[in-house]
Amino acid sequence: MILREFSERDVDEITALMKKLCALKNQEFEEDRWRSNLEEQMRQDTNSEVIVAFDDNNNQVLGMAHCSIKRSDKGFRFGYVSNLIVKEEQRRAGIGEKIMHHIIDYFKRNHIDSIRLALKPHLDKAAQKLFLKLGFQKIFEIYELTI
């Protein structure tokens with residue numbers, strides 16, 4: 001398995017993964033918007049990467065996650081992780097953990113001292129277990145009212 005930043009040849013496969021992630025979370029997926037954001041990211045050198053776990057034996061994407069460096073309103077820089085997903089048939093093989101270690105190393109190289117992420121614990125039990133294993137701590141909960 002190879003971990004690397006996504007390339008143009010991965011777009012269809014990571015789009016399919018993102019579609020699946022949105023379906024799991026009961027979120028609408030806007031494929032055109034997703035693809036245009038990926039294309040924009042490929043053109044710009046930003047503080048953001050989509051990391052892909054790639055099976056070099058059969059040339060398939062196994063999983064992905066998005067990581068970015070953000071700045072708080074007080075100027076504090078922190079890492080942010082979103083959209084971690086592994087193909088269903090590849091889950092429980094340590095791929096998500098390897099992706100997260102790669103991302104943690106990316107943030108360390110960029111002198112980031114804190115990493116944040118958000119998840120829906122009632123939907124993401126396996127992700128919650130992984131993040132706790134890696135040392136993440138729950139610091140607050142968000143409540144939402146849909147009107």
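In the predicted model, five strands form an open sheet of mixed pairing, arranged in the order 1-2-3-4-5. Strand 1 (2-5) and strand 5 (115-117) are the edge strands, each of them pairing on one side only. Averaged over the sheet and with direction ignored, neighbouring strands are turned by 30° against each other. Strand 2 (residues 48-55) and strand 3 run antiparallel and are joined by eight bridges. Within this pairing, Val50 has His66 of strand 3 as its bridge partner.

Helix 1 (residues 11-24) lies across strand 2, strand 3 and strand 4 (77-86), and its direction makes an angle of about 75° with strand 3. Helix 3 (residues 95-109) lies across strand 1, strand 2, strand 3, strand 4 and strand 5, running at about 30° to strand 3.

Met64 belongs to strand 3 (residues 60-71). Its relative accessible area is 0%, so the residue is classed as buried. When residues up to four places away in sequence are not counted, Met64 touches Ile14, Leu17, Met18, Trp34, Val50, Ile51, Val52, Asn83, Leu84, Ile85 and Ile99.

Ser48 is located in strand 2. With a relative accessibility of 14%, Ser48 falls under the 20% limit and therefore counts as buried. A polar contact of 2.7 Å links the side chain of Ser48 to the side chain of His66. With neighbours within four places in sequence left aside, the residues in contact with Ser48 are Glu5, Gln41, His66, Cys67, Ser68 and Tyr106.

The structure holds three aromatic pairs. One of them is formed by Tyr106 and Phe107, with 5.4 Å from centre to centre and 55° between the planes, a tilted arrangement. Both partners are buried: Tyr106 has a relative accessible area of 7%, and Phe107 has a relative accessibility of 1%.

The charged end of Arg4 sits over the ring of Phe54, at 4.6 Å from the ring centre. In a second case, the charged end of Arg116 is placed over the ring of Phe78, with 4.0 Å to the centre of that ring.

Backbone geometry was considered for two further residues. Most residues other than glycine have a negative phi. Asn83, however, has a positive phi, near 60°. This residue is found in strand 4 and is among the residues touched by Met64. Its relative accessibility of 23% places Asn83 in the partly exposed class, because that class lies between 20% and 50%. A positive phi near 60° is likewise found for His111, which is also a residue other than glycine. His111 is situated in the loop between helix 3 and strand 5. With a relative accessible area of 67%, His111 is over the 50% limit and is therefore exposed.

How values were computed:
Residues numbered from 1 in each chain as written. Predicted model: local features only at pLDDT ≥ 70, side-chain atom pairs only at ≥ 80, totals over all residues. Heavy atoms only, no water. Phe/Tyr/Trp six-rings, centres within 6.5 Å; stacked < 30°, edge-to-face > 60°. Buried < 20%, exposed > 50% of the residue type's maximum accessible area, 1.4 Å probe, protein only. Lys NZ or Arg CZ within 6 Å of the ring centre and 35° of its normal. Helix = DSSP H or I, 4+ residues; strand = E, 2+ residues; numbered from the N terminus. Contact = heavy atoms within 4.5 Å. Pairing = 2+ DSSP bridges. Axes fitted to C-alpha atoms, helices over the stretch in contact; angles between N-to-C directions. Polar contact = N/O pair within 3.5 Å; in protein donor to acceptor, adjacent residues only side chain to side chain.
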